[in-house]
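Please look over the model below with helix packing and charged side-chain pairs in mind. The report after it takes these two topics in turn.

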Amino acid sequence: MTGSSGAVGPVVVRRRLGAALRRLREDANMRLEQVAAELEVSPAKISRLETGHSVAKTWDVRNLLTVYGVVDVERRTQILGWVEESKAFGWWHPHSDVLPANLDYYISLEAEAASVSLYAPFVPALLQTRAYAHAVIGDLFADVDRISASDLDRLVDIRIARQEALRRAENPLAATVVLDEAALLRQVGGADVMREQLVALLAVDEAVDFRVRPLTAPVRRFALSSFSIFNPRLTTVDHTVVNVEAAGTDYYVEEAAEVLDFQNAFRTLWSESLGREDSLNLIRNLIR
């Protein structure tokens, strides 16, 4: 586990670039110290580039490609293009001062993913109404942090803006959602807020494959916390990443074996859920 313009997610692109540079170095059978000596920089600088912890400069990456013997024009152009993308700011950057830790990476994953599979014990951000989002974010911050009314409004604005990923003109985000029935019963924000949220769930676009996991379903270890499985668009260079949220802390799972555990768990939770129409009927009955 590890701790713009348009829809570009700079954190994801930096990590993509870094992984490509690391593979090229390993293919060239060179150690960090050798590369650093060749370019007259510190090994730490090369390491930061490979882990995506620093923003790459075009000059540095061009030199690295030369040291690694990359002469293919198309490959060089692709990698140098990632350098430029990694310098871009996401649409959420102006609000970075109020973003909780790791949310920048989460939104970057959302921006770059082809699809996401979500399990949620409460209505997930991508499906929340503004009133529900305001209530739930306020509740989440109430017991551990102080947050001003203006900052709360900004966090809600960010959450609602994230939903545009489902409707973007190019490569809209496909979402598969398992929602625990308990989320439909918990009175977040009061009865009026919940009624509006339930009505909104009935209108969820068919592009969102949505199921309710009933209270009669078995207790499962992976259902104790919400998690999101992000499947990348660029499958040849990016990999699937899982976000797990527990006790207000985000964890990121990237090792293939661990990711597979979550994928299998999601399939189990999905199989134990109601079908789409039964899920919608359950919600309709709660509204009456």
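Predicted model: local features only at pLDDT ≥ 70, side-chain atom pairs only at ≥ 80, totals over all residues.

**Helix packing**

The axes of helix α1 (residues 10-27) and helix α3 (residues 43-51) come within 6 Å and cross at roughly 125°, and the two helices are therefore oblique to each other. On the α1 side the contact involves R15, G18, A19, L21, R22 and R25, which meet L49, E50 and T51 of α3. Sorted by class, this contact of α1 with α3 has three nonpolar, two polar and four charged residues.

**Salt bridges**

| Pair | N to O distance |
|---|---|
| E50 and R25 | 2.6 Å |
| R162 and E110 | 2.9 Å |
| R220 and E272 | 2.5 Å |

E50 forms a salt bridge with R25, and this pair links distant parts of the chain, with E50 in helix α3 and R25 in helix α1, 25 residues apart. Both E50 and R25 are buried.

R162 and E110 meet in a salt bridge; R162 lies in helix α8 (residues 149-162) and E110 in helix α6 (residues 103-112), so the pair ties together parts that are 52 residues apart in sequence. R162 counts as buried at 6% relative accessibility, as does E110 at 3%.

The salt bridge of R220 with E272 joins two loops, R220 being in the one between β3 (208-213) and β4 (226-232) and E272 in the one between α11 (256-271) and α12 (276-287). R220 is partly exposed, with a relative accessible area of 33%, whereas E272 counts as buried at 17% relative accessibility. Through shared partners, salt bridges join R213, R220 and E272 into one network.

Technical notes
Residues numbered from 1 in each chain as written. Heavy atoms only, no water. Axes fitted to C-alpha atoms, helices over the stretch in contact; angles between N-to-C directions. Helix = DSSP H or I, 4+ residues; strand = E, 2+ residues; numbered from the N terminus. Parallel < 35°, antiparallel > 145°, perpendicular 65-115°, else oblique. Contact = heavy atoms within 4.5 Å. Nonpolar A, V, L, I, M, F, W, Y, C, P; charged D, E, K, R; others polar. Salt bridge = Lys/Arg side-chain N within 4 Å of Asp/Glu carboxyl O. Buried < 20%, exposed > 50% of the residue type's maximum accessible area, 1.4 Å probe, protein only.
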